[in-house]
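Subject: Handover of a structure

Dear colleague,

Please find below the sequence and the structure that I am handing over to you. My notes on what was found follow directly after them.

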Amino acid sequence: MKVTTMLSSYSFLLFILLISANPYARALQEGGNGIEEELEDVKRSDFPTGFLFGVATSSYQIEGAILEDGKSLSNWDVFVHKNGNVNNGDTGDIATDHYHRYLEDIETIHSLGVDAYRFSISWSRILPNGKLGGVNAAGIMFYNSIIDNLLLRGIQPFVTIHHWDIPQVLSDEYGGWLNPLIQDDFVHFAETCFKNFGDRVRYWVTINEPNSVADLAYERGKHPPGHCSPPFGNCSAGNSDTEPLIAMHNMLLAHAKASKLYREQFQPKQGGVIGIVVQAIMYEPFADDEHDKEAVKRALANNVAWAFDPLVFGDYPPEMCRYHRNELPKFTPEERLLIRDSIDFLGLNHYATLYAKDCIHSSCARSDSACAPGGDRAIGGFVCTTAERGGVLIGEPTGLPTFSVVPRGMEEIVDSVKNRYHNKPMFITENGYSSPPQQEQVDDFQLDVKRIAFHKAYLAFLARAMRNGADVRGYFVWTLMDNFEWSLGYDVKLGLYSVDRATLNRIPRSSAKWYRNFLGNISSNSMQPRTAVAFWSKVGRAEE
Ligand code: FCB
């Protein structure tokens, strides 16, 4: 046997050994009921036919080409160039240079064997003035080429219209999401997308994680426009108690208007579906008592239901209405009709599970450093959220602060959303593992055993939720390749592919090989009856 062959068989054996190790055994045992075996076994065929497996990215995090071919500056382009806003002064000016390498990237995506690719459109690339008029033909061509090249390879484009990068001009002119004027500008942006791309796009997400935008941009000041007030931080402008609520209100109305337009003018001919994506954190009671169980409900209302309740039921969650006073904006009766039932599916980005501790009946002193700041206020739902209890983390830490590995959280969040929204179709639009920085420097950088174990474990719990009836239609790995992780810059890595920052070459990690192998198992003997149900029948839209 040649040495090279011996070596490659050896590394293959090592790879197999490593990926069958289970670093999350404890977390899984806590999940109970034989899940340990399922973990080792989770297969594509455990998911129904038509279930979309994919990878996800977003424009600012990968494209680069900051001012090329007519693109104008976005809020992120400007924010990252201000001192101290991003780790190491990193920027997305070049990012992963996807703008120039997208064909190579599409080949890579294709090589994984995915069904779908979730990406977002840079608003300032197709509408440099942010509003009416001035469509940038080069920007349209770029996304048309992405869509066509995906479809040529049998990959469904799953398009997020807005993933956090708004044209800076809209921020300068009227304060971005704080001003209701942005609603109509967003609708125009969405309409431009429906008109130019909708003949080929079946899956639309209006806005990525409006709850994170409210939290990170207007409560904690970590994202543009960097607004906050104490105790959340010391920003030069902002009001953390009110601005997140106003920004969310405008995002929800912007979504609802765009969705109405899509449903009236595009959906009948184009036959796609439209939804929104939220950051879906799961919560567990800090102590096993009634107060902390109530705190879990408030935390969920303050996170997931803040966006989903209005879009499904027509108003903010009753839990929020109970503890907010006049600062919670009100929907007019006409607006309630507009927002109610304005989504075909619920998109969940699930990364984390936290403990929730009641701050109504017990004091959540600000000095308790384990609690996120502001838990003792209405904007925090009078809940202290923390990853730590008695000095012990809820799960193994990751590279994202407070995000620990808690695979059972996937089943819990899916069940909770299933129950609250009468099992409306869901997608897991993001789920991914960020290795802690120090670990990246050692052997887990390319041979990312923990990332593989993470996905296997989360998928096993997802499969179980689905076996128990949850109507989940797809799962997207965040993310295709290491990219600009917002205020954390390039230090935090979540890619199936690493990106050499000097050459920008993409290098497959073991997790990319694992995903390819997992997706290759398409033959099945365990299909379930519900697999016959076409996606569209439940949402009542055109048949595929
Ligand atoms: C999500 C964002 C995504 C990425 C992951 C790690 O909240 O939607 O852009 O940053 O977190």
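Both C371 and C384 are buried, where buried means under 20% relative accessible area, exposed means over 50%, and partly exposed lies in between (1.4 Å probe, protein chains only). A disulfide, that is, a pair of cysteine sulfur atoms within 2.5 Å, joins C371 to C384, with an S to S distance of 2.0 Å. The link of C371 and C384 is left-handed, with -85° about the S-S bond. C371 lies in the loop between β8 (353-358) and β9 (383-386), while C384 is in strand β9, so the pair ties together parts that are 13 residues apart in sequence. Helices (H or I, at least four residues) and strands (E, at least two) are DSSP runs, numbered from the N terminus.

Before the remaining findings, please note how the model should be read. This is a predicted model, in which local features need pLDDT of at least 70 and side-chain atom pairs count only at pLDDT 80 or more, whereas totals for chains, interfaces and linings use all residues. Residues are numbered from 1 along each chain as its sequence is written, and side-chain values use heavy atoms, with hydrogens and water left out.

The pLDDT is the predictor's confidence in each residue, from 0 to 100. Its mean over the chain is 90, and 86% of the residues reach 70 or more. Over residues 1-19 the pLDDT is below 50, and this stretch has 14 contacts in the model beyond near neighbours in sequence; contact means heavy atoms within 4.5 Å. Residues 29-33 also have a pLDDT below 50, with seven such contacts. Where pLDDT is low, the predicted coordinates should not be read in detail.

How many disulfides does a search of the whole structure find? The search finds three. In one of them, the sulfur atoms of C228 and C235 are 2.0 Å apart. The torsion about the S-S bond of C228 and C235 is about 95°, so this disulfide is right-handed. C228 is buried at 2% relative accessibility, whereas C235 is partly exposed at 25%. C359 and C364 form a disulfide as well, with sulfur atoms 2.0 Å apart, and their link is left-handed, with -90° about the S-S bond. When the bonded cysteines of the chain are numbered in sequence order, the pairing is 1-2, 3-4, 5-6.

Finally, T108 lies in helix α6 (residues 98-112). T108 is buried, because its relative accessible area is 15%.

Yours sincerely
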